[in-house]
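Me: I have a structure to read and would like to go through it feature by feature. Please give the general idea each time, then the case here.

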Amino acid sequence: MSGDDCRQVLGQLQTFLDGECAGDLEVLVQAHLHDCAPCLDRADFERHLRDLVASRCRASAPEGLLERVLARLASVRA
Ligand SMILES: [Zn+2]
């Protein structure tokens, strides 16, 4: 799996998770996630982050949890 594929997929990840990819692109991203564990991990992490943010709107998250997640996200993107 080439690094270029990963960069392209990760660049589209937000759009993919929003369900706003064009059909061809969605198939491409899904196929890549199926074959590429690091990108799948990243996609899972983004999904968990979204769940966390969504649940925080209904009930407050444990103290410091969001900050820890955001810090991890920053380090992943660095
Ligand atoms: Zn990948």
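Predicted model: local features only at pLDDT ≥ 70, side-chain atom pairs only at ≥ 80, totals over all residues.

Me: Which residues coordinate the zinc ion?

Reply: Donors are N, O and S atoms within 2.8 Å of the metal (3.2 Å for Na, K and Ca); water is not among the atoms, so sites may look incomplete. Here the zinc ion is held by C6 (SG), H32 (NE2), C36 (SG) and C39 (SG), at 2.0 to 2.3 Å. Along the chain, these donors have the spacing C-x25-H-x3-C-x2-C.

Me: Why is the arrangement called tetrahedral?

Reply: Four donors count as tetrahedral if all angles lie between 85 and 135 degrees. The four donor atoms around the zinc ion subtend angles of 102 to 112°, so the arrangement is tetrahedral. C6 lies in helix α1 (residues 3-11) and C36 in the loop between α3 (23-35) and α4, so the pair ties together parts that are 30 residues apart in sequence. Helices are DSSP runs of H or I, at least four residues, numbered from the N terminus.

Me: Are C6 and C36 buried or exposed?

Reply: Buried means under 20% relative accessible area, exposed over 50%, and partly exposed in between (1.4 Å probe, protein chains only). C6 is buried at 18%, and C36 is buried at 6%.

Me: Which residues make up the largest nonpolar core?

Reply: A nonpolar core is a set of buried Ala, Val, Leu, Ile, Met, Phe, Trp, Tyr and Cys residues joined through side-chain atoms within 4.5 Å. The largest one has eleven residues: C6, V9, L13, F16, L17, C21, V29, L33, C36, C39 and A43. Helices α1, α2 (13-17), α3 and α4 each supply at least two of its residues, and the largest share, three residues, comes from α2.

Me: Where is E46 found, and what does its side chain contact?

Reply: A polar contact is a pair of N or O atoms within 3.5 Å; within protein, one must be able to donate a hydrogen and the other to accept it, and residues adjacent in sequence count only if both atoms are side-chain atoms. E46 sits in helix α4 (residues 37-56) and is buried, with a relative accessible area of 2%. The E46 side chain makes a polar contact with the side chain of Q14 (3.0 Å).

Notes. Residues numbered from 1 in each chain as written. Heavy atoms only, no water. Tetrahedral: all angles 85-135°; square planar, octahedral: opposite > 155°, others 65-115°.
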